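Dear colleague,

I am passing on the structure we spoke about, and my notes on what was found in it follow below.

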Amino acid sequence: NAEYMGQIVTAQRDRFRARVAELESENRALHERTHALASEAAALKKDNVVLYEKIRFLESYDDIALERERGGARDAEIALAAGDRSTAVSAAESRYRAMYEESMNPFAVFSKKQQTNQYEGLNAAEKVTLSTSRILLGSK
C-alpha cells in the first residue's frame, strides 16, 4: 500500500515538473515577445519624432518661402497663418512635439544616457528588483 502511494506521489510530481517546464517555456516566449514589442514601440516613437521634425522643417520652409515670395512685407500675415495652423494641432502631434523638444534638450538626453548606463551596470538580481518595484509602484 505504501509502495502504491509512492507511485501516485511520484507520478503527480512528474506531472507537476512537466507543467512547470511548459509554463516556464511559455513565460520565456511571452517575455521575448514583450521585449520585441517594447523595442518596436520605441522604434516607432523614434520614427514619429523624426517625422515630426520633418513636418516642423517643412512648415518653417513654407513660411520662409512665403516670406521671400512676398518680400518680407507681410510678416503679420505669416504669423497669423502659423497661428491658424497651430490651433488645428492634433493630440498626437502635440505629444510628438513634446517628445521632439525633449530630444532636443541636451540635459534630458544626458540624464537618460546616465540612467541607461547605471541600469546596465546592475547585476541580474538588482535589475529584477528594480523592474519589479517599477511595475508595482507604477501600477498604483
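**Salt bridges, a surface patch and a pocket**

Arg 13 counts as partly exposed, at 39% relative accessibility, where buried means under 20% relative accessible area, exposed over 50%, and partly exposed in between (1.4 Å probe, protein chains only). Please keep in mind that this is a predicted model, in which local features need pLDDT of at least 70 and side-chain atom pairs count only at pLDDT 80 or more, while totals for chains, interfaces and linings use all residues. Residues are numbered from 1 along each chain as its sequence is written, and side-chain values use heavy atoms, with hydrogens and water left out.

The side chain of Arg 13 meets that of Asp 14 in a salt bridge, at 3.3 Å from N to O, the term standing for a side-chain nitrogen of Lys or Arg within 4 Å of a carboxyl oxygen of Asp or Glu. Asp 14 is likewise partly exposed, with 37% relative accessibility. A search of the whole structure finds two salt bridges, and one of them joins Glu 22 to Arg 19, with the closest N and O atoms 2.8 Å apart. Because Glu 22 and Arg 19 are three residues apart in helix H1, about one helical turn separates them; helices here are DSSP runs (H or I, at least four residues), numbered from the N terminus. Glu 22 is partly exposed, with a relative accessible area of 46%, and Arg 19 is partly exposed at 40%.

Helix H1 (residues 2-70) also holds Ile 8, which is partly exposed at 37% relative accessible area. Together with Tyr 4 and Met 5, Ile 8 makes a nonpolar surface patch of about 320 Å², a patch of this kind being built from residues with over 30% relative accessible area and no salt bridge, whose nonpolar side chains (Val, Leu, Ile, Met, Phe, Trp, Tyr) are joined within 5 Å.

The largest pocket has a volume of about 830 Å³; a pocket is an open set of points on a 1 Å grid over the protein atoms alone, where a 1.4 Å probe fits, with protein on both sides within 12 Å along at least five of seven lines, and lining residues have an atom within 4 Å of a point. Of its 18 lining residues, Ala 42, Lys 45, Glu 102, Lys 112 and Thr 116 are the closest to the centre of the largest pocket. Helix H4 (106-120) is among the elements that give two or more residues to this lining, and H4 gives the most, with seven residues.

Best regards

Notes
Patches are made of residues with over 30% relative accessible area and no salt bridge: like charges are joined within 9 Å, nonpolar side chains (Val, Leu, Ile, Met, Phe, Trp, Tyr) within 5 Å. Accessible areas come from the Shrake-Rupley method with a 1.4 Å probe; for residues, only the protein chains shown count as cover. Grid points are joined across faces, edges and corners, and a volume is the space filled by probe spheres set on the points.
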